[in-house]
Amino acid sequence: MAALFSNLSDMKTASIILSIVLLLLSCSQEHIIQSTPHDNPEIQLDIPSDFPALNPAVSRNKPTKYGVELGEKFFHEKKFSGNNTISCASCHNQSSAFADNHAQAIGIYGRVGLRNTPPIQNLAFMKFYNWDGNKLTLESQPLVPIITHEEMNSSILEVIEKIKNDYDYRDLFRKAFGDEGITPDRIYRSIAQYEYTLISANSKYDKVKRNEGETFTESEARGYQAFKIKCASCHSTELFTDQSFRNVGFPLNPSPEEAGRGRVTWIPADYMRFRVPSLRNAEYTAPYGSFGQFPTLKAVLDYFDNGVLEADNLDPILKANGNRIPLSEQEKEDIIAFIKTLSDRTFVGK
């Protein structure tokens, strides 16, 4: 009989302990991410007419509400750098059309990178990424700055370790991907989804083309005509780049690490060839050139007019014109006026 009461007492004690545990768990529910499914609608990209086709990777990683939200949060996350001081947004500033206005990128501890920071507008329509085109998808690009000594000087595993216990990140991963699993692939995909939404197509040029009440000034109209004759062979399509790789005889980067497209292909003919940059929002992205050789658009046009560096693989168009693009001072002024019509003030937040 005593044993029975002892057992009953033990059971009562266990029951009380279990009740307390359940109460504590109940009280802390606000700190636990629920595992219920979450609606994550696809975001329809506003694709302008006459733009080139989307990169095929977009169809395999379509932007979603929470995927984009997560990617934007990552874009501004300084924990991606080794000392928690540098994020993607540190070099890609919206007010500078997501460039940084430095001759060469500046990363962790003030380290200077090899090249100029490119703007990141309209990337969904690009075939190649980075100056030398070493990446073919946006999903494969974020690791480059993360591990580069002069940029973030970190690793993706170190990044995951820093954020793995963050409630907001766990919540967003669940909403974006269905569970809280934080993986490198999901990080890269979410950043790409955010960047796919950065579409710039609301400049004065676009409004003139769409007959929305805007008209070119006389200088802009003359500049447009001169541009089509002197510049459009490289800066074609509605992206204002044909996405080709060309050696246009710009001053050479003194770094022995630089070889342009040749760093990727190891083909001598690709030495110092670089991807033709888009001229959309060029007004905001000075200095210009693969390592910021030119402080202004006028300096670029002056260089072409005065003559470029000779090279065996110099672009045939330049070779056929005596290694230069002859331009009058009036043509330079007018072309710059036209290029400024490609500025999308809404896109840069101005």
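A crossing of two helices is left-handed if the near helix is turned anticlockwise from the far one by less than a right angle, and right-handed if clockwise. The structure is a predicted model, in which local features need pLDDT of at least 70, side-chain atom pairs count only at pLDDT 80 or more, and totals for chains, interfaces and linings use all residues. Residues are numbered from 1 along each chain as its sequence is written, and side-chain values use heavy atoms, with hydrogens and water left out.

**Exercise 1. Determine how H12 packs on H14.**

Step 1. Helices (H or I, at least four residues) and strands (E, at least two) are DSSP runs, numbered from the N terminus. H12 comprises residues 297–306 and H14 residues 329–340.

Step 2. Axes are lines fitted to C-alpha atoms, for helices over the stretch in contact, and angles run from 0 to 180 degrees between N-to-C directions. The angle is about 140°, and the axes are 10 Å apart. H12 is therefore oblique to H14; angles under 35 degrees count as roughly parallel, over 145 as roughly antiparallel, 65 to 115 as roughly perpendicular and the rest as oblique.

Step 3. The crossing of H12 and H14 is right-handed.

Step 4. On the H12 side, Leu 297, Lys 298, Leu 301, Asp 302 and Asp 305 are in contact (heavy atoms within 4.5 Å) with Glu 329, Lys 332, Ile 335, Ile 336 and Ile 339 of H14. These residues divide into five nonpolar, no polar and five charged. Here Ala, Val, Leu, Ile, Met, Phe, Trp, Tyr, Cys and Pro count as nonpolar, Asp, Glu, Lys and Arg as charged, and the others, Gly among them, as polar.

**Exercise 2. Determine how H10 packs on H14.**

Step 1. H10 (residues 218–230) and H14 pack at about 100°, with axes 7 Å apart. The two helices are therefore roughly perpendicular to each other.

Step 2. Residues making the contact include Tyr 224 and Phe 227 of H10, and Ile 335 and Phe 338 of H14. The contact residues divide into six nonpolar, three polar and six charged.

**Exercise 3. Describe the surroundings of Glu 238.**

Step 1. Glu 238 lies in the loop between H10 and strand E1 (245–246). Its relative accessibility is 12%, so Glu 238 counts as buried (under 20% relative accessible area; exposed is over 50%, partly exposed in between; 1.4 Å probe, protein chains only).

Step 2. Not counting residues up to four places away in sequence, Glu 238 touches Ser 49, Asp 50, Phe 51, Tyr 205, Lys 209 and Arg 280. The C-alpha atoms of Glu 238 and Phe 51 are separated by 5.5 Å, although these residues are 187 residues apart along the chain.
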